[in-house]
Amino acid sequence: MTADTVPEFVFIYAENQSYDYPTTQGAYLFARMVHERTEGRIQIRIYADAELGSEEDLIDQLTYGGCDFMRASVATLTEYNPEANVLMMPYLYDSKEQMWNVLLGEIGDELMKSFEGTGIVPLNWYDAGVRNFYFSEPIRSVGDLAGKRIRVQDSALMQDFIRLIGGEPVITVFDDVYEALETERVAGAENNWNSYESMGHYEVAPYYVLDGHTRIPELVLMSGVTMEKISEEDAAIIRECARSATDYERTIWQEREEESRTLVISSGTEVIEFSDGDIEKLREIVAPLYEQYCGEYMDLIERIRATE
């Protein structure tokens, strides 16, 4: 196929992160690979920086074919698939390696298949780092969390989590977190290294606590309507290209994470590690959340915990 040949399909890929963000860079690689493997028959156009709308709105569009591809956090997919709540649970994993062994193994495949019937077709997993707490004053043990006002997303699970560990949850939109910390409306927040650095939160909350409470992955999604338009051969190509993009995104996520970590530490951030005893104490404290939010999937929780 020549460069000026009109492609058979032109698909839309929506991404809410900026153009230089690891998940967006993964999207560009995916689109290039699909274009090359199909000899130009399939073109995928990337629209980043929330140009096409919010993540929640785009998922809805995906279910009826208004959008062809997108990247979404598992946190925004639980409404469509309650089983996804399993991956939201605090202190679920012992390490990043354990999480990836789960996601890239049998359990991850099963979780992707559990979206059948929703109009959403998961293609591959993306890294979104580990979420830790950060505060405007030092927090060195579980006891220091008592009474602290902590910013959370509009999530019932996160609110219950903060209450159980002794804090007071304060729902705040992401763009307002800096001001909330600066004006002491909240004492702390939680997020990954990249967001902590890129949003400047380290300037007003210079104590970063490595408790590793959640590792919430992200998924590249395809519309079921779009999948029905293409051949089995092209569907296989798209899945293979998506899997290749996973390795790339994971690599640049790690590079970006290390850059962010180095920058904030050089700017004065103090990194605090909870003791193993405190982490075990936190796991015991939040145990009721598992039955509350994942009562039907406790067998899956046990399989995840048994994965090395």
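Leaving aside its neighbours within four places in sequence, which residues is Ile-139 in contact with? Before I answer, a word on conventions: this is a predicted model, in which local features need pLDDT of at least 70 and side-chain atom pairs count only at pLDDT 80 or more, while totals for chains, interfaces and linings use all residues. Residues are numbered from 1 along each chain as its sequence is written, and side-chain values use heavy atoms, with hydrogens and water left out.

Now to the answer: with contact meaning heavy atoms within 4.5 Å, and with neighbours within four places in sequence set aside, Ile-139 touches Asp-144, Leu-145, Lys-148, Val-209, Ile-272 and Phe-274. Ile-139 sits in the loop between β5 (131-135) and β6 (149-152), where helices (H or I, at least four residues) and strands (E, at least two) are DSSP runs numbered from the N terminus. At 1% relative accessibility, Ile-139 counts as buried; the classes are buried under 20% relative accessible area, exposed over 50% and partly exposed in between, with a 1.4 Å probe and protein chains only.

Strand β3 (residues 69-73) pairs with strand β10 (residues 218-223) in the antiparallel sense over five bridges, whereas β1 and β3 run parallel and are joined by two bridges. Phe-69 stands opposite Met-222 in β10, Tyr-13 stands opposite Phe-69, and Ser-73 has Glu-218 of β10 as its bridge partner. Five of the five residues of β3 are buried, so this strand is largely enclosed by the rest of the structure. Phe-69, Arg-71 and Ser-73 point one way from β3, and Met-70 and Ala-72 the other way.

What does the side chain of Arg-71 make a polar contact with? Arg-71, which belongs to strand β3, is buried with a relative accessible area of 2%, and its side chain makes a polar contact of 3.1 Å with the side chain of Glu-55 and another, of 3.2 Å, with that of Glu-218. A polar contact is a pair of N or O atoms within 3.5 Å; within protein, one must be able to donate a hydrogen and the other to accept it, and residues adjacent in sequence count only if both atoms are side-chain atoms. Beyond four places in sequence, the contacts of Arg-71 include Tyr-13, Asn-16, Thr-23 and Tyr-126.

Next, the nonpolar cores, each a set of buried Ala, Val, Leu, Ile, Met, Phe, Trp, Tyr and Cys residues joined through side-chain atoms within 4.5 Å. The largest holds 57 residues, of which Met-70, Trp-125, Phe-133, Phe-161 and Ile-304 touch the most other members. Helix α10 (residues 276-294) gives the most to this core, with six residues. Apart from it lies another core, of 24 residues, among them Ala-27, Ile-42, Leu-123 and Ala-242.

Finally, the cysteines: with a disulfide taken as a pair of cysteine sulfur atoms within 2.5 Å, the count comes to zero. The sulfur of Cys-67 is 18 Å from the closest cysteine sulfur, in Cys-241, which is too far for a bond. Cys-67 is buried at a relative accessible area of 2%, and Cys-294 also counts as buried, at 1% relative accessibility.

Definitions and conventions:
Two strands pair if DSSP finds at least two bridges between them.
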